Amino acid sequence: MRKTILFWGLWIITTHLNAQVPVVSDTLKAKTISAVTVVSTVPFIKNLVDKTVMNVAARPSSAGQNALDILKTAPGVVVDPNEQIQMGGKNGVTVLIDNQNTQLSSQDLAQLLKSIESDNIKEIEIIANPSSKYDASGNAGIINIILKKSLTNGFNGSINGNFIQSTHSRKTISTNLNFRKNKWNWFGNVGFNKGYQETIANNDRMYPGHQMVQRGIEKDDFGGNNSRLGLDYALNKKTTIGLLWVQNARFTNMMNSNLTTIQTSGAIDSNVFTLSDAPSNIKRNNFNANYRWVNGQKQSLNIDADYTQFYSALNNLVNINAGSVTGLNRLNNAIHNDASVQIQIRSIRADYTQQLTNQIKLETGLKSVYSLSNNELLVRQISNAQWIADSGKSNQFEFKEFIHAAYFSVQAKLNNWSLQAGLRAEQTRVNGLSTALNKIQSQKPDTSYLNVFPTVFVQYQISPNHQLGFALTKRIDRPNYQDQNPFIYQLDAFNSEQGNPYLIPQITYGAEISYTYKYATNIKVQYGVTSNYMEQLTYQIGKKTVLIPQNAGTRKMLNISISSPIAVNNWWNMYLSLSPFYQSYAVLLNGFGTIENRSQSSWGINGYMSQNFSLGKNWNADISGWYNFQNATTIYQSKALGSINLGFSKKLFNDRATLKIAITDLLNTQRWEQRALTNTLDLTTYRKWESRNITLGISIKLGNSKIKSARDRESGSSAELDRIKQ
């Protein structure tokens with residue numbers, strides 16, 4: 001009943017506005033003047049009521065850059081040296097290309113974005129607070145890269161290659177191709193990568209009367225490929241149908257070795273050597289069928305049907321060699337983890353848009369998703385030279401999830417005011433069935449819940465150069481599929497990981513106030529409260545630790561974001577982003593014999609700055625740096641982290657080719673250190689990877705750069721795909 005009242009209330013209000021207000025073409029005030037001189041300019045950055053739009057073609061300095069380069073200058077967006085994208089200081093940003101989820105890991109996504117040249121990009125939408133049209137899941141925002149459209153027949157594309165040298169080397173190659181012939185349009189991206197890296201992984205742990213010092217090396221031999229291939233066919237001027245196939249595969253031959261020294265009262269008591277050989281691979285395929293009907297600016301209907309298959313396998317052999325410092329009484333022990341995960345996702349969605357009047361637009365839609373996850377783990381231990389199955393750890397887990405959603409949204413304009421209000425309802429049904437090695441079954445979990453997600457966006461245009469904005473949102477983050485497996489993975493002699501089938505989604509209520517100057521300088525104040533906050537918590541059990549995802553408690557976060565491009569002169573451009581923040585956590589540790597309430601809070605600041613120099617004769621240079629201040633979360637305290645990066649590029653052959661050289665983490669300052677502290681645990685973790693490297697790259701344009709790219713499309717399973725861990 002309340003939803004019905006809200007809907008008709010919005011309808012009456014917007015209808016009344018339409019009856020009382022004269023039609024205007026935009027949000028700027030109309031003024032009567034005697035003479036008009038029209039100069040057509042499109043701002044590089046424009047803030048709409050529910051998103052920020054970067055018009056890439058309006059900035060000449062974008063020439064020669066790729067999509068990842070441009071995102072580094074996007075308001076509120078930070079791309080760290082590991083090429084992971086953040087918004088509002090949070091990872092997990094959903095990246096769409098023509099409204100279609102890229103469905104790739106962070107490494108593969110970076111390679112795909114590098115293959116998209118700025119000449120092929122029309123605009124980039126930055127959606128920090130998604131409207132009711134989008135899935136309510138995800139709390140880090142959405143980036144939508146919209147490619148250019150053209151009616152020209154022909155072929156175009158690009159090919160890109162990079163060689164990265166650190167202590168060891170990595171290689172990547174990718175291509176982006178489009179071909180249009182009359183009513184047909186074929187498009188695709190293909191990429192490959194291969195590399196090797198070693199990471200220092202140290203742990204220091206204190207427990208009553210003992211100190212444990214662990215020194216280790218992780219050796220990662222990895223590689224993979226990804227592709228995105230599709231075609232569109234225009235049935236007529238209003239109707240288009242299309243097919244899309246997206247796949248990615250990744251393998252890693254991970255070998256970890258560490259030596260753990262246990263000290264009692266300051267003297268070495270024993271040494272334990274662990275060698276873990278963990279080859280793994282993943283494969284994912286997504287198939288999308290799309291129907292789109294557009295009736296000018298008045299109506300549109302979009303229908304998507306999706307089917308996704310995901311498979312991962314891990315064959316992990318852990319050898320443990322323990323004994324006293326004298327070498328006597330040594331025991332040889334080995335554990336074998338044979339794990340596999342198979343996930344299937346089926347979804348269908350329909351979105352309808354109706355322009356009721358020049359000032360009022362209505363959007364509504366439906367979506368249904370069915371997910372099935374089958375997980376198997378066989379754990380064996382060696383005993384008397386024979387492998388014996390561990391019935392306490394081996395398990396088969398089947399997880400089913402049904403989500404049905406409906407939404408509506410109303411947009412209205414009145415003089416300098418813009419309003420968008422929407423409501424989304426999502427009904428979720430989940431069921432987990434755990435089967436032990438002895439065939440005993442248990443339901444983990446079996447529940448159903450309904451959530452309603454309102455969104456409100458208000459924008460006021462003070463003048464052409466000044467805008468104010470306000471937003472209220474409610475979001476949900478569902479657990480990753482793999483985190484809900486009740487499996488126990490033995491990492492080494494003293495550390496293990498375990499899943500949690502009883503995880504429930506976290507809910508975040510957020511509010512934002514924003515100010516924009518000249519469509520470019522942006523100041524935002526965001527406040528959010530998250531209940532049932534999900535976190536990987538570490539527990540100590542005697543000499544051992546276990547890492548498990550739990551609904552830890554409540555998080556409150558205040559974030560201030562300041563970002564602005566600065567044109568120093570015609571050859572020097574800067575971009576600055578600063579995000580001071582305050583966060584507080586109220587946590588309940590409950591498990592493995594530990595019950596403890598903890599609270600922790602901290603102030604911090606994240607910063608990013610880039611400077612681009614046009615040196616003449618088609619040479620460009622850039623220097624960038626980022627810094628994340630130390631911060632405290634649930635039970636963890638992390639030290640500050642940052643780096644400085646340099647880059648040079650040269651355009652050749654009438655801008656048909658670009659050569660690049662870049663140095664990442666020039667001063668080799670990327671060292672991650674974290675301390676986990678509870679009443680029973682004092683653990684310090686240190687990691688140092690091959691962050692300082694030099695990259696040599698080349699990008700070559702192919703064919704006609706004005707050919708039409710893939711049309712706007714968004715799959716129906718975008719949110720669910722983001723919940724699959726790579």
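This is a predicted model: local features need pLDDT of at least 70, side-chain atom pairs count only at pLDDT 80 or more; totals for chains, interfaces and linings use all residues.

Biologist: Okay, what does the secondary structure of the protein chain come to?

Modeller: There are four helices and 37 strands in the protein chain.

Biologist: And how much of the chain is buried?

Modeller: Of its 726 residues, 50% are buried. The chain exposes about 33,100 Å², and 58% of that comes from carbon and sulfur atoms.

Biologist: Let's switch to sheets. What is the strand order in the open sheet of six strands?

Modeller: The order runs S1-S2-S7-S8-S5-S6, and the pairing is mixed. Strand S1 (45-47) and strand S6 (100-101) are the edge strands, each pairing on one side only.

Biologist: New topic: which residues touch the most other members in the largest nonpolar core?

Modeller: Those are Ile85, Leu113, Ile121, Ile124, Ile143 and Ile145, out of 27 residues in that core. Elements giving two or more residues to this core include helix H2 (67-71), helix H3 (106-114), strand S7 (121-127) and S8.

Biologist: What does Ile85 touch?

Modeller: Leaving out residues up to four places away in sequence, its contacts include Leu71, Val95, Leu109, Leu113 and Ile143.

Biologist: And the second core, how many residues does that have?

Modeller: That separate core has 24 residues, among them Ile262, Leu377, Val379 and Phe397.

Key. Residues are numbered from 1 along each chain as its sequence is written. Side-chain values use heavy atoms; hydrogens and water are left out. Two strands pair if DSSP finds at least two bridges between them. Buried means under 20% relative accessible area, exposed over 50%, partly exposed in between (1.4 Å probe, protein chains only). Accessible areas come from the Shrake-Rupley method with a 1.4 Å probe; for residues, only the protein chains shown count as cover. A nonpolar core is a set of buried Ala, Val, Leu, Ile, Met, Phe, Trp, Tyr and Cys residues joined through side-chain atoms within 4.5 Å. Contact means heavy atoms within 4.5 Å.
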